[in-house]
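Thanks for making time for this today. I would like to walk you through a few places in a structure that may be new to you, so please bring it up on your screens.

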Amino acid sequence: MLEESLATVLGSRTSGSLAKLGLMTVEDLLRHYPRRYGIPGELTDMGALRLGEHVTVMAEVRSTTVRPMRSRGGAMLEAIVTDGRDTLQLTFFAKRTGVLRMHEDKLRAGRTGLFTGTVGDYRGRRQLVHPDYLIVGLDAADAEEATIEASRPIPIYPAAASVPTWRIGRSVRTVLDPLTEADVPDPIPQPLRDLHRLPTLLEALRGVHVPDDLDHVKRSQHRLKYEEALVLQTALARRRADRESHSAVPRAAAGGGLLEAFDARVPFPLTQGQIEVGREISADLERATPMLRLLQGDVGAGKTVVALRAMLAVVDAGGQAALLAPTEVLAAQHERTLRDLLGPLADGGTLGGADGATRVALLTGSQGAARKRQALADAASGAAGIVVGTHALLSDTVQFADLGLVVVDEQHRFGVEQRDQLRARGTSVPHTLVMTATPIPRTVAMTVFGDLETSVLTERPAGRAETVTHVVPADNSAWMSRIWQRMREEIDAGRRAYVVCPRIEGDQPEDDAEPDPVDEDPRALEAGEEPAAAARPPLEAVVDVAERLRHLPALEGIGIGEMHGRLTGEQKDAAMAAFVDGATPILVSTTVIEVGVDVPQASTMVVLDAEHFGISQLHQLRGRVGRASEPGLCLLVTHAQEGTPSLERLTAVASTSDGFALAEKDLELRREGDVLGAAQSGGRNSLRLLRVLRDADVLGVARDDARGLVDRDPTLAQSPALAQAIAVWLGEREEFLERT
Ligand code: ADP
Ligand code: MG
């Protein structure tokens, strides 16, 4: 019934225009919820109408006149409608007056209607030419019904120019009116419906499409929201249950091993948070079901040490650990960091190695054949307790002797597919620790990572100075020259500076070989949507900026390096090395340095065209400086104008260094659709009503309900409609979950 095609039910003409809105089946149409409601009696404020705007207004007809047009021939109808104060003219043209009589008959003075069209102007008067309209109560069968109809809120649908809202409304009525409860299976199981006193799906659909009053709308919307949350959370609960049903090898750290040796040699005291999270992780590792834990910690919170301690525990228990980084640069850096932290503990099999030492192997696509062969052999034999690489490590060609733990750093690109890939590796599944430095607001975490356990590192290691951030207007040349002077002072004092640009080369579009967040992150593109952006100069590019800086008197004699995704792995390594050792203490770069790069001497960062980047991206970027005891300085150079959302974003970043606070702000400023990507962009089975930020309560309740449901009935045999809804949801959602 619900799957029936609209063409069968409504005929090809109507269904054809509905198809333009992506509505193909009866269910599609019924799930096309009104965006808002017109309230008869509450007339639209005409004073607020803006020229060129496509509007739907509720107004009362004041007068209608039909007259011939002497100059052009033909006839025209002019109706004046009003909100009681201002007026709007409706204009219709026709060859002969006859056609206009039909409109005249409907547009009688005193009647109320909804009128849709684009606001135009004729001799200083606001008008709609050939508006579509609906006169309240006119289609009713009798006077009584007319009274009822006239008092109902009128649904206003997300419409298109080709399909006015009431054509949609009428179609909805045609398919909705004859439906009975038996036709509409309810994804919410009855016990939950009873528990929360929710209407059935059919009742709720009536409530949003043909409401008695606004309260009816609200109750129905609430139910539909809960349904969305329940479907989502049940899918996640099932994923979780599925994971619990797999077995993993318990990895209880044997005392007296590498972990203890490491703790004895680590050059700083661990923070309380690092210790606590360490305990949570060891408890997980000792279980016979695979761990799937998300470790959130702000930039610089010290996640690497936490990960290393977990890996050492697994090595002590006789297994191996893999550390996956999002880019080769980061993988190489992780390997160096781990070696430094481990010292002789990483020199297994060599003369200088400590007792019981292991090996750290690095595997990247761009490394030489000989090194790669050695690394592959060490992974396969088990000689390497820790293997570092990119996600390619999970491919079939890399053999491990006994992989016990996978650590995924910077989870941006760790989607469902990767999670499943891990699961597919033989009978026992490795424990998994996912680390992210992009703090995720609780509700989003609940939505996107609802199947993961989470730990949070809140404090930052002591003794690290804060980074100070300022917004700098790009057209202020005095400021700009001061920036380069300041940079020279920093370099002369032995420090390093980054200059970040949104593009690689000025005359070419950005196409980083590395997965560059500028391309993928919809937030980064927001700025481009502001009309002001069109008129400004092209975005700054690494190659051009580096060239410019080389000729700047203020920076004379200072080596300037370049870093971007189009360099080969070797070139990147060389550029990083030259930056670290001071040959090129200024590094002009794209966002490839965004995550994880740890150069303690780096004190200054200048971000050019900063408005081009999203909040969390900027926060990540500035995390690259101020990593030693010296305070860092981050300058956000921008063309963004006062009062624009872009500038508001930059000001937010400058005003706090709390990543979690920024994540909330980010969510607030961004359109909801960007938060969850495709899930909320209005695709057929997207989250339609649920809003992650506002509906935290609904999400929480649904999560508990979903877990209970799956505990009692893992296959959902007793809730076929829910199982079906999940299947549909997953089909379309898999893609979205993968992108997160
Ligand atoms: P992130 O959480 O951003 O990945 P890192 O793990 O890279 O942070 O740590 C940032 C820096 O802080 C590193 O140089 C690391 O050695 C240092 N660090 C980590 N833990 C501590 C600690 N407990 N005390 C002092 N410094 C620490
Ligand atoms: Mg890190």
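Let me start in the loop that runs between helix H9, residues 214-245, and helix H10, residues 258-265, which is where Gly256 is found. Please keep in mind that this is a predicted model. Is Gly256 buried or exposed? Its relative accessibility is 63%, and because the cut-off for exposed is over 50%, Gly256 counts as exposed. Gly356 lies 100 residues from Gly256 along the chain, and the C-alpha atoms of these two glycines are separated by 9.9 Å.

Let me turn now to the sheet. Seven strands form an open sheet with mixed pairing, and their order reads S6-S7-S4-S3-S2-S5-S8. At the edges are strand S6, residues 120-122, and strand S8, residues 132-135, each of which pairs on one side only. From one strand to the next, the twist averages 45 degrees. Strand S6 and strand S7, residues 125-129, run antiparallel and are joined by 3 bridges, and Gly120 has Gln127 in S7 as its bridge partner. Packed on this sheet is helix H4, residues 97-106, which touches strands S2, S3, S4 and S8, and whose direction makes about 15 degrees with that of S3.

My last stop is helix H24, residues 645-655. Which of its residues are buried? They are Ser646, Leu647, Arg649, Leu650, Ala652 and Val653. What covers these buried residues includes strand S17 (467-473) and strand S22 (632-638), together with helix H23 (615-622) and helix H25 (659-669).

Definitions and conventions. Residues are numbered from 1 along each chain as its sequence is written. Chains are lettered from A and ligands numbered from 1 in the order in which they are written. This is a predicted model: local features need pLDDT of at least 70, side-chain atom pairs count only at pLDDT 80 or more; totals for chains, interfaces and linings use all residues. Side-chain values use heavy atoms; hydrogens and water are left out. Helices (H or I, at least four residues) and strands (E, at least two) are DSSP runs, numbered from the N terminus. Buried means under 20% relative accessible area, exposed over 50%, partly exposed in between (1.4 Å probe, protein chains only). Contact means heavy atoms within 4.5 Å. Two strands pair if DSSP finds at least two bridges between them. Axes are lines fitted to C-alpha atoms, for helices over the stretch in contact, and angles run from 0 to 180 degrees between N-to-C directions.
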